[in-house]
Amino acid sequence: MDALLLPLIVFCPLLAAGILFVSAGRMPARASCMIGAGSVGLSALLAGRLAASFLAAPLPAGTLHMALWSWMRVEGFSTRIAFALDPLSLVMMLVVTGVGFLILLYACGYMHDDPDIARFFGCMTLFVAAMLVLVFSSDLLSLYIGWEGVGICSYLLIGFWHTDTANVVAARKAFIVTRIGDAAMLCGLLLLATQASTLDIAALLHIVATGPAQLLPATAAFLLLGGAAAKSAQVPLQTWLPDAMAGPTPVSALIHAATMVTAGVYLIARLHPLFMAVPVAMKAVALVGLITLLLAAGSALVQTDIKRILAYSTMSQIGYMFLALGSGAWQAAIFHLVTHAFFKALLFMAAGAVILRVHHRQDIYQMGGLAPAMPVVFSAFLAGAAALAGLPLLTAGFYSKEMILQGAWHANPLLWAGALLGAFATAIYIFRCVFIVFLGTRHTEPTGRTGATMAIPLACLAILALAGGWMEMPDTIAPVHLLSHLLSPLFGTATAEGPSWLLWAGSLVPLAGVGVAWLLWRPRTQARTAPEDAIARLARTGWGFDTLYDTLLVRPFITLGRLNQSDLCDRLSDATAATTRAGSRMLSRMQSGQVRRYAGWIAAGTVVALCLGIRP
Amino acid sequence: MSTPSPTEALLLASILFATGLLGVLARRNLLLMLMSIEIMLNAAALAFIAAGARWHAAQGQVMFLMILSLAAAEAAVGLAIILRLHAAGRPTLDADTGNRLKG
């Protein structure tokens, strides 16, 4: 019974996507909303039911298997489409369906007057289905289906408003950059498949744990890291995420903050024995995370577009998760993934509500003083900002970040120092945003009001962003370890906690950051223009990665393509086309449109046929 | 008066057929083209009759009756098309002006 729920949870949004795509906009907007949000809501209900029975009566094996069908079986390799539910995918399932439902509900309000709402909800529900496939798959090849599925949905939704060229360019960029990573990941998968002759995750990890070293785990781990880094927007493949903000805000909340971009984290956590077998890869993961979190936090400090601030902050927070993964603090990474899904979705949705109220302006310097006009949105954004900054005791972000800092301290104090610096910058940039947008003098008069469909998800997520962290606390505060306990069959018990001054440092640094932000941007004295010195400009453009890739890769490639435009292959196909066209022109003279000519052709043909038939 | 031999009948049939074909190819008047087609059909029917007489088989006359009804049907359809053309505002019988299917 429970095993049947697994495919059903995937099927609900998939069916909704099918209906919405087939309807092609002929349904009223309200029906599209109800199908889109309703199907994911139903998935969430089923997921809750499944989680309840899974937690109430843990299976002896710890994993619920559901083999759907055998995909292919060739000499030395076979693969199945199979779903499995273990504690890790349970957590991911709840996040994807729960947060996904809230975001789709919000999207009903946000997108209600868009003419293409059916396409929007079709892509969103298809995304949820693909993400669930990714999460449930017990086989790397079917995981890859979900992986590519979320990629294509991300492409479709970034370019949702496709009449604007900039959006299409952003969508293409996101697709190509993640494709580079996907290619690396596919190479890694093929390598594993040829070496281990299976891609079933459990079997693969068993071979890695017990088998000899000829498995080339190092190469495979690095290739998979490439795929994970591209999907999760980590250095050096991070350039697509800020541009991906061209999509509608619910898309940014669901795909580019809460779920898809954390797929890389999930992949590494899922394959952690493979990475643990290669210490160099672990160091690389931690280093990638640390570099990304510092660079992105620096960029977020000087952005002027509210959505780009949140985009860079997403990169930075996923950097934290990578740092935790690289330090071996798997539980901390997953915990931060969950709380980040709560508070970052909340921040994006609150930002979207603000953007709607100020006539689709996104520049924070054109907002200002909005707190009295929209108290609900302000409190939601404040809750999200506090959780992102990790203000002590009250917020979910504090507990998850604290756990990561502990893990980093055990791996390497230098990593810990970098992460602490990042936490300081995080508190500064997000409260800079809060102070500039909501306090000070008003620059744009807000209009309209935020409807219930948008306010209810904001309220739910605000509660989660504050209280969601209480499932896991350090021993110094209260010995609550629900999440670690749940995940312990996979990851083993968490490492012991460090000295208590670590906790003090982790609590005081965000507070200091908020203090600095208050000094710099408090209402009376805040600067209302963006800093314009060289470093700020460099940071605002993402530290020049775009320019670098443009000169090193894009331009040479385009030049090469232009040079190659009329090579032999091209000429051959051109010649074929020209011959066909000439022949058709000649034969079309026969079609004079005159009945008598046609009769003549018929007679001539008959004569020829008769002559051929009579010939002895 | 002697009965004509099958060879003579076939010769007459081919002359009739050639006349009809020439009429279809050369005339531009739709009515005359229809009449030419009737001549061709009758030539074919004559050939059947001759063959039936030569082998003393009844099928020749059966085919003649069939061609007769075919010719009637063809004339009805052809004339109906001409009337429709006229009703649709083409007051001409010139076949060459209807060349909109030109390739």
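1. Helix α15(A) passes helix α19(A) in a left-handed crossing, meaning that the near helix is turned anticlockwise from the far one by less than a right angle. α15 covers residues 330–357 of chain A and α19 covers residues 452–467. Their axes come within 9 Å and cross at roughly 145°. Axes are lines fitted to C-alpha atoms over the stretch in contact, with angles from 0 to 180 degrees between N-to-C directions.

2. The α15(A) side of this contact includes Phe342(A), Phe343(A) and Leu346(A). The α19(A) side includes Met454(A), Pro457(A) and Leu461(A). Contact requires C-beta atoms, placed from the backbone, within 7 Å. By class, the contact has 14 nonpolar, no polar and no charged residues. Nonpolar covers Ala, Val, Leu, Ile, Met, Phe, Trp, Tyr, Cys and Pro; charged covers Asp, Glu, Lys and Arg; the others, Gly among them, are polar.

3. This is a predicted model: local features need pLDDT of at least 70, side-chain atom pairs need 80 or more, and totals for chains, interfaces and linings use all residues. Residues are numbered from 1 along each chain as its sequence is written, and chains are lettered from A in the order written.

4. Chain A has 25 helices and two strands. These are DSSP runs: helices are H or I of at least four residues, strands E of at least two, numbered from the N terminus. Along its principal axes the C-alpha trace of chain A spans about 110 × 65 × 50 Å.

Definitions and conventions
Contact = placed C-beta atoms within 7 Å.
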